[in-house]
Amino acid sequence: MLVTGLTIRHVGERFQRSNDTISLYFQKMLVILSSQPLYTRYVQLPTGEFISPKIRNNPKFWLYFKNAIGAINGSHIYVAPLAYLRPNY
């Protein structure tokens with residue numbers, strides 16, 4: 001699945017459930033985690049040029065993050081922020 005990298009078939013076998021059941025509940029959890037109020041309460045949008053000191057001050061992290069413009073896993077979430085907010089993104 002998403003975090004473990006396992007297929008639905010492997011997860012279904014591990015928990016002794018059908019692939020349809022695993023898929024159904026994965027989709028339900030995805031909707032729950034990406035909708036109000038959970039998403040708006042725990043997901044914080046960037047506020048400008050601030051980069052966590054934990055990343056900026058650690059050469060192990062900064063080497064890989066200094067030119068980052070997207071997500072680590074290659075995912076892309078389409079957004080169209082307002083014009084005055086675009087520099088934050």
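Lysine 66 is partly exposed, at a relative accessible area of 44% (buried is under 20%, exposed over 50%, partly exposed in between, with a 1.4 Å probe and protein chains only). This is a predicted model, so local features need pLDDT of at least 70 and side-chain atom pairs count only at pLDDT 80 or more, while totals for chains, interfaces and linings use all residues. Residues are numbered from 1 along each chain as its sequence is written, and side-chain values use heavy atoms, leaving out hydrogens and water.

**Overall make-up**

- The protein chain has five helices and zero strands, giving the pattern α-α-α-α-α along the sequence (helices are DSSP runs of H or I with at least four residues, strands are E runs of at least two, and numbering starts at the N terminus).

**The loop between α1 and α2**

- Glutamine 16 sits in the loop between α1 and α2 and is exposed, with a relative accessible area of 63%.
- The phi of glutamine 16 is positive, about 55°, even though this residue is not a glycine.
- Arginine 17 is in the loop between α1 (8–15) and α2 (19–33), and is exposed too, with a relative accessible area of 52%.
- Skip the neighbours within four places in sequence, and arginine 17 is in contact with Gly12 and Ile22 (contact means heavy atoms within 4.5 Å).

**Rings and charges**

- The charged end of arginine 14 sits over the ring of phenylalanine 15, 5.3 Å from its centre (the rule wants NZ of Lys or CZ of Arg within 6 Å of the ring centre and within 35 degrees of the ring normal).
- The count of aromatic pairs is zero (rings of Phe, Tyr and Trp, using the six-membered ring of Trp, pair if their centres lie within 6.5 Å; planes under 30 degrees apart are stacked, over 60 edge-to-face, and the rest tilted).

**Nonpolar patch**

- Met29, Ile32, Leu33, Leu38 and Tyr42 make a nonpolar surface patch of about 500 Å² (patch residues have over 30% relative accessible area and no salt bridge; like charges are joined within 9 Å, and nonpolar side chains, meaning Val, Leu, Ile, Met, Phe, Trp and Tyr, within 5 Å). A salt bridge is a side-chain nitrogen of Lys or Arg within 4 Å of a carboxyl oxygen of Asp or Glu.
- The elements giving two or more residues to the nonpolar patch are α2 and α3 (38–42), with α2 giving the most, three residues.

- Proline 37 is in the loop between α2 and α3, and the peptide bond from glutamine 36 to proline 37 is cis, with omega near -10°.
- Lysine 66 lies in the segment after α5 (59–65).
- Lysine 66 and isoleucine 55 are 11 residues apart in sequence, with their C-alpha atoms 9.0 Å apart in space.

Key:
Accessible areas come from the Shrake-Rupley method with a 1.4 Å probe; for residues, only the protein chains shown count as cover.
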